[in-house]
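Welcome! Here is a short briefing to read alongside the structure.

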Amino acid sequence: MHPLVVAAIAAEAAYVPEEMEVLLTGVGKTLAAVAVTRAICEHPQRDELVVINIGTAGSLREDVTGLHEIGTVLNHDLSAEAIRQLGIDPRERLEINPAHATTPASGDLFVTDPAVRDELSRRADLVDMEGYAIALACTELGVPVHSVKMVSDNADETAHDWSAAVDGCARELGRWLADFAG
């Protein structure tokens, strides 16, 4: 196994153990999908590769806090029902690890609106901006993927305080990675 740790930005990967390879994708689904696809296709140890997506996430419910291993990812800013009515499967939901119950909704929208938060909370536990795209790239290319998210905010008007929380979140993610690798 050769782990490739994937995070959106350097602040989220600040405490990744030194011996682990890190890929920074940039923020959002498109950048994440392109970066991960390129990294997998060009990786010299592709047959041994395991992608581990780490990052921060907003909580969609008060009782969802701390660190979460992800079971299913949801693409939330897709007109899935309209696409389904055309007879096409939009694949807006991907199961990546049935042992874990937590579902983040991924989208290119930074969620701070209470109405958006409430609507998403009916379908997901967390909200992030890259998880679905990373999982989809890995699934399409046959590479195992793990996803671990640390709650940084409540996906509300306080979400703009994310920068104050990211270092503590990164420390927890680094500890999880050390345990995973150990």
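In which hand, left or right, does helix 1 pass helix 4? The crossing is right-handed, a term used when the near helix is turned clockwise from the far one by less than a right angle. Please keep in mind that this is a predicted model, where local features need pLDDT of at least 70, side-chain atom pairs count only at pLDDT 80 or more, and totals for chains, interfaces and linings use all residues. Residues are numbered from 1 along each chain as its sequence is written, and side-chain values use heavy atoms, leaving out hydrogens and water.

**Two helices together**
- Helix 1 (residues 29-42) and helix 4 (residues 131-141) have axes that come within 8 Å and cross at roughly 30°.
- That angle makes helix 1 roughly parallel to helix 4 (angles under 35 degrees count as such).
- On the helix 1 side, the contact (heavy atoms within 4.5 Å) includes Ala32, Val36 and Ile40, while helix 4 brings residues including Ala133, Ala137 and Leu141.
- By class, this contact has 10 nonpolar, 1 polar and 1 charged residues.

**The largest pocket**
- The largest pocket has a volume of about 280 Å³; a pocket here is an open set of points on a 1 Å grid where a 1.4 Å probe fits, with protein on both sides within 12 Å along at least five of seven lines.
- Its lining (residues with an atom within 4 Å of a point) has 19 residues, and Thr56, Phe110, Asp128, Met129 and Trp162 lie nearest the centre.
- Strand 3 gives the most to this lining, with 3 residues.
- The lining divides into 12 nonpolar, 3 polar and 4 charged residues.

How values were computed:
Points joined across faces, edges and corners; volume = space filled by probe spheres on them. Helix = DSSP H or I, 4+ residues; strand = E, 2+ residues; numbered from the N terminus. Nonpolar A, V, L, I, M, F, W, Y, C, P; charged D, E, K, R; others polar. Axes fitted to C-alpha atoms, helices over the stretch in contact; angles between N-to-C directions. Parallel < 35°, antiparallel > 145°, perpendicular 65-115°, else oblique.
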